[in-house]
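Open your viewer and load the model. Keep the selection panel at hand, and colour by chain.

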Amino acid sequence: MQDLSRRTLFSLAAAAPRSRAFASGQGASAASADAVRTKARRRIQEQHLPNVPLISHEGKEVLFYNDLVRDKIVTVNFFYSKCDEICPMVMANLVKVQKLLGEQVGRQIFMYSITLKPEQDTLDVVRIYRTALGAAPGWTFFTGKTEDIDKIRKGIGFTYPEPAIDRDTSQHIGNVRYGNEPLMLWAACPGQAHTKWVAESFEWMVHPELNRIQKS
Amino acid sequence: MYYNVFGEKVSRKRYKEMVNAAKNRRELITAGLTSRRDLMKLGLLTAGGMLVAKSGLSARAYGQQQAIPPSGSNQVCLPGNQPASPTTRSFVDPLPIMPVTAQTPLSSLKPAPTICPNTAAGEVRAACHQAPELNPSVFPFPPPRIYQMHQQAVSVRQSPDLPAQTVWGFNDGTHGTITPGPTYQANYGTPQLTRNINALPPLTQNGGFGMPSVTTHLHNAHNPSESDGNPCDFYGIGNFCDQYYPNVLAGFSSTNPPNGDINESLSTLWYHDHRVDFTSQNTYKGLLGFYCLFNEFDTGNEETGFHLPSFPQFDIPLVFADKVYDSESALLAFDLFTLDGIIGDKFLVNGKIQPFFQVEPRRYRFRLLDSGPSRFYSYFLTELNNLSAVNPFWVIANDGNLLPNPVEVSTVRIGPAERVDIIIDFSQYAGKTIYLENRLLQINGQGPVPTPPFTAPHFGTQVECSNASGTVLSDILPAGAGNLLLQFQVSSKAVADNSVNPATNPSFYALPSTSAAPRIIRTFKFDRLNGQWSVNGQFMDCNDFRFTVSQNSSEQWVLTNLTGDWTHPIHIHLEEHQILSRNGLPPTLAIEKSRKDVVEVHPNERVQLFFRFRDWVGKYPIHCHNVIHEDHAMMALWHIVANGGDNINVP
C-alpha cells in the first residue's frame, strides 16, 4: 500500500517542475498546509468513512476505514444478490471496467461491492454471487451488519432526501463512489455509464495530473 | 466563545452537547428514526422540542422551536445534519469590487501564442483557432487585446471572524491572485486572447477539496468550441490553454452578415472552471469571475448609448455564493459525498460574508450572478424598520441580455448560473440603510421548497426547517426573515445622475424572431435513475457525441423534467434560446420574454426552447447547472458540423 502512495506522489512530482516556472510562491506555507490537510482528512473520515466492521467474501473480518480505504485508491458500490433491476446492469458493467483496468485493480485501485441485504446475502451467497459474476482478484465483496452497512451508505452520500425512497432498497443508488483517500480526492459516477468512461474516471485517481482533449 | 445555530452565545457544556447531538442524530437516522413523531414516541423529544438529556438530534433540532431565524442572523437550516458554520458578524466588511482585468503585452506571453495548439510547450487545446482561420482581417492573430491569467492558490479572509482561507483565484499579473477573479471589460468588435495557466498547488496542498485540473468556460459567450472551455478538455498543473474570444455578435457569418445581429448582444457573462466531474469543487474554491461585454449602445458610460449607469463606478457585478465552514476548524468545507446538492449557511457577495456597500442616492446597475453550487435566490429590497414596505426595482437584463424594456418588480428569482441585471434607484432611500435579502426558502439540493402545484406530501415530516407544529413554511419567507445578503448604506448627499430613468420605459434590444421552422425537434428528459442523474436515460461520457447539429440551422429543444421534486437549471453552451412555452403555455413572467442561456425546469415541467446554432463548429455540452448534478453525469456532449447533422429526435 505504501508503494501506491509513493506512486501517486511520483506522478504529481513529475508535473511539479513546470508548475514552479509559473507559480509565484503563493498559498499557505508547507507546514500549515500539512496541518490543514491532516485536519481535513480526519474530518472526511469522521463524517463520511465510518470505521465499521465488514466481512469479505473470503471470510475475513475487516474495518471499513482502517483496512479498506485508508491510504488507498478505492471504488465503492452497493448491490444485493436478488436485486433484479439495477444491480445486474451495474455489476456486469463493473466486470467490464475491471477488465479494462487490468492489473491496476488490486495493485493501485481496489474495488469494493457491499451488499445492502446482509440478512439474505450471507458469506456463502456473496461468494457464489461473486464467482457467478466473474469478478477477478482485486475486487472484493462484503457482507456485514445492516446498521454498519447503512452507516457506510449514508457516509458516502448514497441517499435520497425523501426518507421513504431512501428506505426502499429496490431504488438504491446505482452510482459508484471512487476516491483517492490520502489525496482527499472523491467523486462518483453512474454505475451504468459507459464502461470505458467509468474506467477513465477511476484512472484520474491514479493520474490526477493527466491532460485530456476531446476531438470533435 | 461558543454559539448555537442562531448565533446565540451558549456555554461550552451546551456546545459540546450540540456537537454530540449531531453525532447521535446520525445514529438515530441509521435506526430509521427521523421524524419528530418517532422521537416523541421514544421519549427522546419533548413536546416543546427540547431533547431529552444526553440524546439529541442535530444541534439544529433545537432550532425547530424557532423555525424562522432572527433577522440578520444569516443562519439557515443546513441539510444532512451538518453542524452549523461558526458564527460571523454581519456587515463589517466593505463589498469587494473586483478590478478590471489588466491587459498584458504580447511579449510577456512565453511562448508566443500560436493559431494551432502549441502542444510541445504544454498547451492543451482541442483545435486550431477557428476565428483567425475564418477571417483574419476581422479576427486578427494575435488579437489586439492580450491577457494572461495564472490560476493559483491564495490566502483570503472571507470574514473578520473566520481564519484565513486558502482558496483558488486568478492572477492577471497586475492585481495579484484574487477570487472572484478580475472583471473583463470587453468590447464587441475587439477580439481578445486569454492565456489561462494552471499554476495551482499540487493535490497534497488542496486542503480537502479541489482538483488542480482545469478548463475555463466563458459562460454564454458566442465562442468557437476550442476556446469555449469544454468540460472534456482539461489540463494539469504547468499546462495552459490560449482562449480566443472573438467578441462577435451571433449571426455574423450566417443569419446577419457581416456584423451579426445587434439584437443578440450579450452583456453580463462569467467565466468559471468546468472540469468534468470536478466543476463544483473548483468553482466553490474560487475559480470564477465576471466578463462584461459592451457595445455602442450598452457603452458603460451613462452619457452615451442606452445611458445605463456608468461602469465601473455605478455598474457593479455581484456574485452570490453560499458556503459552509467547518464547525471546529472554521475552514471552508465542501461536502465531497453528496449527490443532491450543497446548501450553505453563510452567504458571500464578491467573496465576503455579508458585506456592506456605501452608495450614493442615485441609480445603480447591479449584475447579479448566482454562482451556486445549488441554491436559488429570490431577491428583495428590505428596510428592517419598515418590513411591510414593498421596495420595487427594475430588471433590465435576463442572463445578461438586455430586455426589450425594463420590467418593474418587487422581487426577482434566479437559480445557479442565472444572472439578472437590475437598476436600483437609491435616491428614494437617501440617508437610510436598506438590504438586499434572499427570501426564498431552500433546505436541500432539490431546489426551492415546492409550492403548489408542486407540493410534495412527504415534506411535512421531512423538512428540518419546519416550525414546531410541523407546518411547511411558504417558499417565500417574510420580509426580514430570509438571508440578508448585502447592506446598502445610502449617503444623504445628492449627486448627479445622468443615467436613464427606467420609468420612462426606454427601449433596448428587440427580441429576435422565433418563427423559423425548426430543422428538427429534439427531446431531452432529465431524470434520476436509481440515484444516477441522467439525460434521456443516459449519462455523461466525454467520448460520446450524443447528436449532431447542422451548422446555421434552427432547432427546437423540448426539455422535460421527470424528477418530481427537483428543479434543474439547464444550461446550453454557444447559443441562447427563447422560451416558447412552459407546459404548453407561453411564459407568463415578463422577464422570461427574453433571450436566455439557463432555463429553470421545474418539477414535472416541459419547456420548449427555440434555438439557432450559428457561425462556429465543434463540440458543446447541455447540462444541469446545479453543479453537483452536473458533476454526476447530468450532462450530454453534442457537436455542430458544417452541412450535416443527424435527425435523432431523442438523443
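Keep in mind throughout that the model is predicted.

**Stop 1: chain A.** Select chain A and switch to cartoon. You will find eight helices and seven strands. Now select its residues: there are 216 of them, and 48% count as buried. How much of the contact set in chain A, at a separation of 6 or more, comes from residues 24 or more positions apart? The share is 71%.

**Stop 2: where chain B touches chain A.** Show both chains together. The contact draws 64 residues from chain B and 59 residues from chain A. Stay on the chain B side and select 145–156, strand E3, then 618–624, strand E34; each supplies at least two residues to the side that touches chain A. Which of the elements gives the most to this side of chain B? E3(B) does, with five residues. Now colour the chain B side by class. It has 24 nonpolar, 33 polar and seven charged residues.

**Stop 3: a four-stranded sheet in chain B.** Look for an open sheet of chain B whose four strands run in the order E6-E11-E10-E8, with mixed pairing. Select 181–187 for strand E6 and 216–219 for strand E8: these are the edge strands, and each pairs on one side only. Turn the view along the sheet. Neighbouring strands are turned by 20 degrees against each other on average, direction ignored.

Show backbone atoms here, because strands of a sheet pair through backbone hydrogen bonds. For one bridge, pick His219(B): its partner in E10(B) is Trp270(B).

**Stop 4: Leu574(B).** Select 568–572 and 577–582 of chain B, strands E29 and E30; Leu574(B) sits in the loop between them. Is Leu574(B) buried or exposed? Leu574(B) is buried, because 24 other C-beta atoms lie within 10 Å, and the cut-off for buried is 20 or more.

Show the side chains around Leu574(B). Leaving aside neighbours within four places in sequence, the contacts of Leu574(B) are His222(B), Phe613(B), Trp616(B) and Tyr620(B). Finish with a distance: Leu574(B) to Pro621(B), C-alpha to C-alpha, is 9.0 Å, while the two are 47 residues apart in sequence.

Definitions and conventions:
Residues are numbered from 1 along each chain as its sequence is written. Chains are lettered from A and ligands numbered from 1 in the order in which they are written. This is a predicted model: local features need pLDDT of at least 70, side-chain atom pairs count only at pLDDT 80 or more; totals for chains, interfaces and linings use all residues. A residue is buried if 20 or more other C-beta atoms lie within 10 Å of its own, exposed if 12 or fewer, and partly exposed in between; C-beta atoms are placed from the backbone. Two residues are in contact if their C-beta atoms, placed from the backbone, lie within 7 Å. Two strands pair if DSSP finds at least two bridges between them. Axes are lines fitted to C-alpha atoms, for helices over the stretch in contact, and angles run from 0 to 180 degrees between N-to-C directions. Ala, Val, Leu, Ile, Met, Phe, Trp, Tyr, Cys and Pro count as nonpolar, Asp, Glu, Lys and Arg as charged, and the others, Gly among them, as polar.
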